Amino acid sequence: MKKKIIFSNYDDRRNPYYGGGGAIAVHEVAGRLAEDFEVTVITGRYPGSKDEIIDNVIYVRIGPSWTGPKLSQLIFSLLLPFEVFFRKFDFWIESFTPPF
């Protein structure tokens with residue numbers, strides 16, 4: 001059984017509001033780790049987003065998709081502790097969301 005690694009990062013490379021370099025970096029690292037680990041990236045939800053597997057990395061979106069980028073970041077931050085509590089993982093990497 002593979003060890004489980006979780007990344008949490010509000011941004012996602014497909015996020016129409018941001019889709020920045022941090023999201024690309026998280027995906028690149030997660031993709032490399034996915035060769036040896038079960039890797040999940042938890043991001044904020046945005047219009048048209050869905051949970052999916054990209055390059056062997058499991059993407060889970062949380063929060064509403066209709067609140068816009070700033071409020072969605074706040075809601076993402078409020079929901080993240082529940083994800084920590086309910087998910088099973090061996091290692092969690094937090095990619096801190098910048099001030100909004």
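## Strand pairing at E1 and E5

Strand E1, spanning residues 4-8, pairs with E5 in the parallel sense over four bridges. Within this predicted model, serine 8 has glutamate 94 as its bridge partner in E5.

## The sheet

Strands E1 and E5 belong to an open sheet of five strands, ordered E3-E4-E2-E1-E5, in which the pairing is mixed. Strand E3 (52-54) and strand E5 (91-94) form the edges, each pairing on one side only. On average, neighbouring strands of this sheet are turned by 25° against each other, direction ignored.

## Helices packed on the sheet

Helix H1, residues 21-33, packs on the sheet and touches E1, strand E2 (38-44), E3 and strand E4 (57-62). The direction of H1 makes about 175° with that of E1.

Helix H2 also packs on the sheet, where its contacts are with E1, E2, E4 and E5. Relative to the direction of E2, that of H2 makes an angle of about 150°.

## Glutamate 83 in helix H2

Helix H2 covers residues 69-86 and includes glutamate 83. This residue counts as buried because its relative accessibility is 17%, below the 20% limit for that class.

The side chain of glutamate 83 is joined to that of arginine 87 by a polar contact of 2.6 Å. Leaving aside residues up to four places away in sequence, glutamate 83 touches Ile42, Ile62 and Trp92.

Conventions. Residues are numbered from 1 along each chain as its sequence is written. This is a predicted model: local features need pLDDT of at least 70, side-chain atom pairs count only at pLDDT 80 or more; totals for chains, interfaces and linings use all residues. Side-chain values use heavy atoms; hydrogens and water are left out. Helices (H or I, at least four residues) and strands (E, at least two) are DSSP runs, numbered from the N terminus. Buried means under 20% relative accessible area, exposed over 50%, partly exposed in between (1.4 Å probe, protein chains only). A polar contact is a pair of N or O atoms within 3.5 Å; within protein, one must be able to donate a hydrogen and the other to accept it, and residues adjacent in sequence count only if both atoms are side-chain atoms. Contact means heavy atoms within 4.5 Å. Two strands pair if DSSP finds at least two bridges between them. Axes are lines fitted to C-alpha atoms, for helices over the stretch in contact, and angles run from 0 to 180 degrees between N-to-C directions.
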